[in-house]
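Subject: Handover of a structure and the findings on it

Dear colleague,

Please find below the sequence and the structure for your records. A summary of what was found follows directly after them.

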Protein chains: 2
Amino acid sequence: MTAPDRKKLAINQATTMTQWTLREAIEGYATKDIRGISVWRDKLAECGVDEAARILKDNNMTVTGLCRGGMFPANDDAGRQAALDDNHRAVDEAAAIGAQCLVMVCGGLPDGSKDMIDTRKQVADGLAAMLPYAIDAGVAVAIEPLHPMTAADRACVNTLEHALDLCDALGDGIGVAVDCYHVWWDPKLEEQIARAGNRILGFHVCDWLVPTVDLVWDRGMMGDGVIDIPRIRGWVENAGYRGFNEVEIFSERNWWKRDPTEVVDTCIDRYQHFV
Amino acid sequence: MTAPDRKKLAINQATTMTQWTLREAIEGYATKDIRGISVWRDKLAECGVDEAARILKDNNMTVTGLCRGGMFPANDDAGRQAALDDNHRAVDEAAAIGAQCLVMVCGGLPDGSKDMIDTRKQVADGLAAMLPYAIDAGVAVAIEPLHPMTAADRACVNTLEHALDLCDALGDGIGVAVDCYHVWWDPKLEEQIARAGNRILGFHVCDWLVPTVDLVWDRGMMGDGVIDIPRIRGWVENAGYRGFNEVEIFSERNWWKRDPTEVVDTCIDRYQHFV
C-alpha cells in the first residue's frame, strides 16, 4: 500500500477526550491542518450545537461522524421509546453540524436479560423505527459493528456480516462504519468489506495492543499493536470508499494522560507509516 | 430446557488449577461423584502419564479432553517443526490417558507478525500435518474456536464457522469443542452448531461476567453472568451431542482463590440450575 492521503486524516475527538473541549479539539486539530473530526454528543451538548456548528465552519472542518446513536434494547416499551426519542435527537444534532453520518452503537443486553436473540431483534426494530426520521433529515445512519467482547453491555452487532445483514433488511439510508479495532480479527473481513461496497460510511483506525488490559479503554496508537491497517484500508478502498481515515483511540493508561498536542502530532506521524 | 443429566457433569481441572494437583483434582471430583475431567498437560507431566492413567482408572474417571495441542504459527521452519513435534507428544499423552479428544488452541500471530491470513494458513497446515498421527493413535482432534479477543496471542480461529470450514477441508478425525464462553455472542451460533452435527467433540460451560476485567483469566461461574447456557446446550443436543458438559473456569479474582471443595460444590449446584 502507498501511504494514505494526508488530507484524508480525521481524528475522532474521543482521542483527546479527557484533555480538550470540542472547541479546543476543533482548533487543535485544525492548527495541524487536520480537517476531519468526529464529534461526541456529550462534548457537543457542553459546547452548544449552534456554537459548535459555527466553530466547525470557521475551521473548515468536515464532521466525519456524530457519536453516537443506538442503545436500543430495553426491558419495557417506555425504555424503548426513550431510546427512540434519543435517537431522533441525535439525528437532529447530526443534521445541525452537517455530520457525514450518525454512528450507531446498537446496545447490548438489557439489565437482567440473557436473550441475545430478542436483543438483536430489538436492535433491528429500533433501527427500522428511527431510519425514516434520519432519511427525512438527510442524515446517513452508520451501524458500527463492535468487537464481540462488547456484546453483553455495548453492542450485540459484532461482525460486519451481521451489520450488513441488517442493512440489507433495512434498505436505503443506512450503511456501516468499519473500525479496524472491532473487526480486524474476522476471517470474513475481506469478503464482507467487498460486500459492503458503497455502504461504507466511515473508516476508523487505531491498534490492538498485546496485551490488552481493558475491554474498552485500552486501544493503541497505530503502529503500537498487531493490526495490519494498510491491508484493511486497501480492502476498504477497493470497495469504493473515498472518505476520511479517522483515528479513534480510547486510552486510559496512555494517550489520555498525555499532552493533547503530542497526541495529535503522533497521530499525524503514525498515519503516514501505519495507516 | 430440562436440567442437564447430573451424570454428564465434567470439570476441567483448570477450574481448580491453582489449588489442586492432578491427583487431588481427580480424587476431589470423584468424591463428589463427578466422573468426567479434562486434564492439562503441565499437570499431567507433574503427575507422570502412567501414574495419571492409573489414578484416572481407579476413580472410574472419563477424560473428556486433554488441554492442549495447537499453537502452530511460528516465524520459521524450526518453530513450526517444534510445534508439530509437541503436537505429536500431545497426541501420545491423550492416547495414554484415553482422552476423548485433544483440544486444539490453534495459536495467534507469531512474534512481530501482523499477517492474520498467513497465520491462519499456518494453522490449517499445522492441523493437516498432525492429523494423520492423531488418527493413527485413535485420538480425536477438537478445534476450539476461541473468543475474538484472543486472536492476537492465543488463537486465530475465533468462530465456530471458521473451525468447521477447517474441519470440512481436513476430513475425518477432526471436530470442534464448543465453549459457551468463546462463542455465545455469535449471531450465527445456532446455525453453525447445527452444521457441526456429530463433529461436536466437547461442550464447555462457564459464564461471561459484566464487567469482565481480564481478557483471559476472568471467567464466571454459571449463573453469575449473561450467557443463556441452557439454550446453547439445547442447540448442541439437537445437533446430536450426547457427551459430558464440562465446566471450565479461569478465575484469578475469585474461584482460584477459594477452597477447591467449595468450588466443586458450587459447580454441582449451579450445573443443575444454569446449565
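For the interface discussed next, two residues are in contact if their C-beta atoms, placed from the backbone, lie within 7 Å. Please note also that this is a predicted model.

**Relation of the two chains**

The contact between the chains draws 21 residues from chain A and 21 residues from chain B. On the side of chain B that touches chain A, 12 of the residues are nonpolar, four are polar and five are charged. Of the interface residues of chain B, 100% are also interface residues in chain A, so the copies meet through the same surface.

**The barrels**

In chain A, eight strands close into a barrel in the order 1-2-3-4-5-6-7-8, and their pairing is parallel. From one strand to the next, the twist averages 30°. Within this chain, strand 4 (residues 102-105) of chain A pairs with strand 5 (residues 141-143) of chain A in the parallel sense, over three bridges. Met104(A) has Ile143(A), in strand 5 of chain A, opposite to it.

Chain B likewise holds a closed barrel of eight strands, which runs 1-2-3-4-5-6-7-8 with parallel pairing. Here the twist from one strand to the next averages 30°. Strand 6 (residues 174-179) of chain B and strand 7 (residues 200-205) of chain B run parallel and are joined by four bridges. Opposite Ala177(B) stands Gly202(B), which belongs to strand 7 of chain B. Against the sheet packs helix 6 of chain B, which touches strand 5 (141-143) and strand 6 of chain B. The direction of helix 6 of chain B makes about 170° with that of strand 6 of chain B.

Two packed helices are described by the angle between their axes and the distance between the axes. In chain A, helix 5 (residues 116-137) and helix 6 (residues 160-170) pack at an angle of about 45°, and their axes are 11 Å apart. An angle between 35 and 65 degrees counts as oblique, and helix 5 of chain A and helix 6 of chain A are therefore oblique to each other. The crossing in which helix 5 of chain A passes helix 6 of chain A is right-handed.

Which residues of helix 5 of chain A meet helix 6 of chain A? They are Ala124(A), Leu127(A), Ala128(A) and Leu131(A), and their partners in helix 6 of chain A are Leu166(A), Ala169(A) and Leu170(A).

In chain B, the axes of helix 5 (residues 116-137) and helix 6 (residues 160-170) lie 11 Å apart, at an angle of about 45°. That makes helix 5 of chain B oblique to helix 6 of chain B. Helix 5 of chain B passes helix 6 of chain B in a right-handed crossing. From helix 5 of chain B, Ala124(B), Leu127(B), Ala128(B) and Leu131(B) meet Leu166(B), Ala169(B) and Leu170(B) of helix 6 of chain B. The residues of this contact divide into seven nonpolar, no polar and no charged.

Yours sincerely

Definitions and conventions: Residues numbered from 1 in each chain as written. Chains lettered and ligands numbered in written order. Predicted model: local features only at pLDDT ≥ 70, side-chain atom pairs only at ≥ 80, totals over all residues. Axes fitted to C-alpha atoms, helices over the stretch in contact; angles between N-to-C directions. Helix = DSSP H or I, 4+ residues; strand = E, 2+ residues; numbered from the N terminus. Parallel < 35°, antiparallel > 145°, perpendicular 65-115°, else oblique. Left-handed = near helix turned anticlockwise from the far one by under 90°. Nonpolar A, V, L, I, M, F, W, Y, C, P; charged D, E, K, R; others polar. Pairing = 2+ DSSP bridges.
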